[in-house]
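Please look through the model shown below with an eye to its side-chain contacts and to the covering of its helices.

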Amino acid sequence: MATFKIEGGAQLHGDLHPQGAKNEALQVICAVLLTSEEVKINNIPEISDVIKLIEILTQLGVKTERTSKGNYTFQADEIKLDYLKTETFARQASSLRGSIMILGPLLSRFGIGYIPQPGGDKIGRRRLDTHFIGLQKLGATFNYNPDELFYSVEASKLKGTYMLLDEASVTGTANIVMAASMAEGTTTIYNAACEPYLQQLCKMLVSMGAIIEGIGSNLLTVKGVSSLKGCTHKILPDMIEVGSFIGLAAMTNSEITIKNAGIQHLGIIPEQFKRMGIILEERNDDLFIPAQDHYEIETFMDGSIMNIADAPWPGLTPDLLSIFLVIATQAKGSVLIHQKMFESRLFFVDKLIDMGAQIILCDPHRATVIGLDHKYQLRATKMSSPDIRAGVALLIAALSAQGVSKISNIEQIDRGYENIDERLNAIGARISRIES
C-alpha cells in the first residue's frame with residue numbers, strides 16, 4: 001500500500017499532456033481478439049487497469065509487443081481457450097471490470113467465452129444484464145455458476161437481429177457490437193451507447209473490415225462479415241483527465257495549458273465548467289485555463305440554484321461529477337450535484353466536510369455545495385481514496401488546502417491516472433509518494 005503526502009497551497013504553472021483514454025483503451029484492446037492479423041494501437045495509457053488487461057490477453061495467447069511508450073502491437077493468432085478455465089484467469093479477470101469485454105470477441109470468433117464476476121470500483125450496483133441479454137439475442141446460450149461466480153456464453157453461430165437495449169451501457173454496447181461484427185446477417189442496436197469511446201471502437205472495427213452504420217448515434221446497424229483484418233488505431237486523449245486538470249487549475253488558482261486536449265471530442269464538458277464560472281480558452285487543440293482567484297456559479301434563467309447531473313452521452317459523464325463537486329467548494333454560489341447513475345459515488349464528501357467544505361449530502365445521489373469563494377482554504381487532513389475518480393478529486397482538494405494532507409490507498413488513483421504525482425510535481429505541485 002502506498003500513500004500520497006501533499007503539501008497544499010502551491011500555485012501551479014505549466015503544460016499538462018492528457019494520457020490516452022482509459023475507457024477507450026479497455027475496449028479497443030479487447031477488439032484485437034477479433035482477428036488473427038497484427039493490430040497496432042498507439043497512445044495506450046500505461047496505467048494499472050490497462051496493463052492488467054494486456055497481461056490477461058498475453059496469458060490467453062495474444063502476442064504482445066511494446067514498441068515504445070504507449071505504443072503496442074498485438075496478434076491473436078494462437079489463442080489458448082483453456083486459459084479461461086484456470087484459477088489464474090479467474091483471479092486476474094475478477095479484479096478488472098473491463099475484462100467483461102473479451103466476451104463479445106471470443107464469442108464472435110471462437111463461439112465460446114468465460115468470465116468471472118468482474119470487480120472494479122465500488123461505486124454502486126453495476127449490473128451486466130445488458131451484455132448477456134444482447135449476446136443471447138444474437139443466438140448465444142448463457143450460463144451462470146453461482147458457486148464459482150462464473151459466467152459463460154456459447155454459440156455455434158451468431159445471427160443478426162434487432163434489439164432495443166434496456167440501458168445505454170457503454171461496455172454492453174461494445175460487447176454486442178464486437179460480437180455482431182462477424183455474425184450472420186444484420187444486427188440493429190437501438191438505445192446504443194454513443195460515447196466517444198464507443199465511436200472510436202466502431203471506427204477501429206470499420207478499419208478492420210466491419211460494416212457499421214450510425215456511428216455516433218444511438219441507432220447502430222452492424223452488417224456481419226466473415227472475417228476481420230489487422231489495423232492501426234490511435235486512442236483519443238482522456239476527457240476525464242482533461243476535466244480533472246481544468247478542476248485542478250480552478251481549485252489551486254493556477255495557470256495551466258492542457259496540450260492536445262481533443263477538444264472536438266469533449267462534448268459539453270467545457271461548457272459545464274464555464275457554467276461554474278471557470279474561464280477556458282481554446283487555442284487550436286489546446287485548452288488554456290488562466291489563474292483565477294474567483295469564479296462564480298451561474299444560476300438557471302429563473303434564478304434558481306444550478307443543478308449539475310450526469311447522463312449518458314451526449315450528457316455529462318458521471319466520471320467528472322466528483323471533480324465538479326470539489327471545485328464547487330471554492331466557488332461563489334451554490335450548486336446541487338446529482339449523481340443519477342451510481343448510488344455510492346458521493347460517499348467521499350465526508351472527507352471534504354472534514355476539510356471545511358460546506359456540503360449537505362441529501363441522499364446517496366444528491367449533494368448541495370455552498371461555495372467558500374476562496375475566502376477560506378480547505379484544511380489538510382488524512383483520508384483514503386475510495387475509487388479512481390473520488391481519489392483524484394480528493395487529491396485536487398488536498399493540493400488547494402492549507403497544510404499537509406495524506407491520501408492512502410492511492411493504488412486506486414494509479415488505476416486511472418498514469419504517474420499523476422510526477423506530472424503535477426513538474427508544474428509546481430508538492431506530492432510525495434510514500435511506499436509502505
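**Rings, helices and charged pairs**

The charged end of Arg283 sits over the ring of Phe288, at 3.9 Å from its centre, where a charge sits over a ring if NZ of Lys or CZ of Arg is within 6 Å of the ring centre and within 35 degrees of the ring normal. This is a predicted model, in which local features need pLDDT of at least 70 and side-chain atom pairs count only at pLDDT 80 or more, while totals for chains, interfaces and linings use all residues. Residues are numbered from 1 along each chain as its sequence is written, and side-chain values use heavy atoms, with hydrogens and water left out.

A search of the whole structure finds eight aromatic pairs (rings of Phe, Tyr and Trp, the last by its six-membered ring, with centres within 6.5 Å; planes under 30 degrees apart count as stacked, over 60 as edge-to-face and the rest as tilted). One of them is the edge-to-face pair of Tyr83 and Phe89, with 5.3 Å from centre to centre and 65° between the planes, and both Tyr83 and Phe89 are buried (buried means under 20% relative accessible area, exposed over 50% and partly exposed in between, with a 1.4 Å probe and protein chains only). The pair of Phe132 and Phe142 is tilted, at 4.6 Å centre to centre and 40° between the planes, and links distant parts of the chain, since Phe132 lies in helix H5 (residues 129-137) and Phe142 in strand E7 (residues 141-145), ten residues apart (helices, H or I with at least four residues, and strands, E with at least two, are DSSP runs numbered from the N terminus). Phe132 counts as buried because its relative accessibility is 5%, whereas Phe142, at 28%, counts as partly exposed. Ring pairs join Phe132, Phe142, Tyr144 and Tyr151 into a cluster.

Phe89 also belongs to helix H3 (residues 87-94), where Phe89, Gln92 and Ala93 are buried. Seen down the axis of H3, these buried residues fall within an arc of 90°, so they line one face of the helix; the arc is that of the directions from the helix axis to the C-beta atoms. On the other side of H3, Glu87 and Arg91 are exposed. In helix H1 (residues 22-30), eight of the nine residues are buried, so H1 is largely enclosed by the rest of the structure.

Side chains of opposite charge can pair when their charged atoms come close. The structure holds 19 salt bridges, each a side-chain nitrogen of Lys or Arg within 4 Å of a carboxyl oxygen of Asp or Glu. Glu7 forms one of these with Arg430, the closest N and O atoms being 3.7 Å apart, and this pair links distant parts of the chain, with Glu7 in strand E1 (residues 2-7) and Arg430 in the loop between helix H14 (420-425) and strand E23 (431-435), 423 residues apart. Glu7 counts as partly exposed at 36% relative accessibility, and Arg430 counts as partly exposed at 37%. Another salt bridge joins Arg389 to Asp319, with 3.9 Å between the closest N and O atoms; here Arg389, at 5% relative accessibility, counts as buried, and Asp319 is buried with a relative accessible area of 11%. Asp286 and Lys259 meet in a salt bridge at 2.8 Å, N to O, and Glu46, Arg66, Lys69 and Glu418 are linked in a network of salt bridges.
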